[in-house]
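Keep the structure in view while reading the points below.

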Amino acid sequence: MPDIDEKRLVDLFETLVNVPSVVAYYPEIDKKLEKIFARMGYDVTYDHKHTLYVKVPGADHSKTICFGAHLDTIGMIVRHVEPNGWIEVRTLGGVNFHSLEGENVYIHTRSGKTYTGMVIHKSHSVHVFDDAREAPRDIETMRILLDEDVQSAQDVYDLGIDHGDLISVDPKCVVTPAGFIKSRHIDDKACVAALIEAMRLLKEEGITPAYNTWFAFPIYEEIGHGGAYVPDVVDEYIALDIGLIGPHYHGTEKSVCIGAADNFSPYDWELTTRLYDLAKAYGINACLDVYYRFGSDATSALRAGHDLKAAVYGMGCMNSHGYERTHIDAIKGTCALTLAYLMNEA
Ligand SMILES: [Zn+2]
């Protein structure tokens, strides 16, 4: 097993998490990945849904493995501007507004400009509104306050902001001396980092994967259809996605969580068993769990009718879809399990 450089892995995560890539917003993250892969000596291709692929020939061409880590993050989309210039939104993915209130956001316009703003509640100040604490937090009550001198809806539209502009959330990434990583979008940028670091080590160590291997980076997972299209050549789709932590789970912020089942289906018995056995063989801290309110690109591929074996694993993640936290050990473990699989595919 090649040595995984912790610092390089964390730096890569920080780089990736600071590139906005809210659901469907691919221009900036695609450019970044193209640069990263060009430096590593990998060619990239896209399908029409803008899933980015890197295809690596294996020692044996009899089957094709696809590892997928989604680039998209939860966020919002502009749906209307109120007469006072406040922006109304719809959510993209499982947003929890209780966690978003007060956060800084970026509004990406079609002309390529980005504006900043913050998430507020209509009853924004405890000094003014009786219901500031108790009022529900949802799309009817939450607004975006632009950091621009705007007094009316027309002022906002005149900036070039329009219905359908995409809104990403400040990741606020903090790495602590004890190895904890706090950031929005650990889901799924930590998995993207683990996967890319594994790809870099393949090149550096001159490892040929056992079988033809595709690395896929979809941009629609959070709304359920990132993996709905998978090229026919793929026999196994392994989604790298966060693991869950809670009272009925073995998962922790230090473990690699292998999903045995999610809200749609059990994952493939043989493939999941093989991953778990590999983790044990390589001394990787891993566990199996049954996920509740969770789906992955691997199960969206199954839902769409693809004939493939599906599996999912990734770092345990606290506060999922909020201000998330994990530990470097689990990101390293996710990278290590990926390498173990690439070298040992049965
Ligand atoms: Zn995810």
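The model is a predicted one.

**The three-stranded sheet**

- β10, β11 and β17 form an open sheet in the order β10-β11-β17, with antiparallel pairing.
- β10 and β17 are the edge strands, each with a single partner, so one side of each has no neighbour in the sheet.
- Helix α5 packs on this sheet and touches β11 and β17, its direction making about 30 degrees with that of β17.
- Helix α8 also packs on the sheet, touching β11 and β17, and its direction makes about 70 degrees with that of β17.
- Strand β10 (residues 174-175) pairs with β11 in the antiparallel sense over two bridges, and Val174 has Lys182 in β11 as its bridge partner.
- β10 and β11 make a hairpin with four residues between them, and Gly179 in the turn has a positive phi of about 95 degrees.
- Strand β17 (residues 324-327) pairs with β11 over four bridges, again in the antiparallel sense.
- Within that pairing, Lys182 has Arg325 of β17 as its bridge partner, and Ser183 stands opposite Glu324 in β17.

**The eight-stranded sheet**

- Eight strands form an open sheet with mixed pairing, in the order β1-β2-β12-β3-β13-β16-β14-β15.
- The edges are β1 (45-46) and β15 (286-290); each has a single partner strand, so one side of each is left without a neighbour in the sheet.
- Strands β14 (residues 256-261) and β16 (residues 309-315) run antiparallel and are joined by three bridges.
- Cys257 has Gly314 in β16 as its bridge partner.
- α5 lies across β2 (52-56), β3 (60-68), β12 (211-217), β13 (236-240) and β16, and runs at about 145 degrees to β12.
- Helix α8 (residues 328-344) packs on the sheet as well, touching β3, β12, β13, β14 and β16, with its direction at about 150 degrees to that of β16.

**Helix α1 against helix α5**

- Helix α1 (residues 6-17) packs with helix α5 (residues 186-205) at an angle of about 130 degrees, and their axes are 9 Å apart.
- That angle makes α1 oblique to α5.
- The crossing of α1 and α5 is right-handed.
- Residues of α1 in the contact include Leu9, Leu12 and Phe13, and those of α5 include Ile186, Ala190 and Glu197.
- The residues of this contact between α1 and α5 comprise twelve nonpolar, no polar and five charged.

**Helix α6 against helix α8**

- Helix α6 (residues 269-281) and α8 pack at about 110 degrees, with their axes 10 Å apart.
- α6 and α8 are therefore roughly perpendicular to each other, and their crossing is right-handed.
- Leu271, Arg274, Leu275, Leu278 and Ala279 of α6 meet Leu337, Ala340, Tyr341 and Asn344 of α8.
- By class, the contact of α6 with α8 has seven nonpolar residues, one polar and one charged.

How values were computed. Residues numbered from 1 in each chain as written. Predicted model: local features only at pLDDT ≥ 70, side-chain atom pairs only at ≥ 80, totals over all residues. Heavy atoms only, no water. Axes fitted to C-alpha atoms, helices over the stretch in contact; angles between N-to-C directions. Parallel < 35°, antiparallel > 145°, perpendicular 65-115°, else oblique. Left-handed = near helix turned anticlockwise from the far one by under 90°. Contact = heavy atoms within 4.5 Å. Nonpolar A, V, L, I, M, F, W, Y, C, P; charged D, E, K, R; others polar. Pairing = 2+ DSSP bridges.
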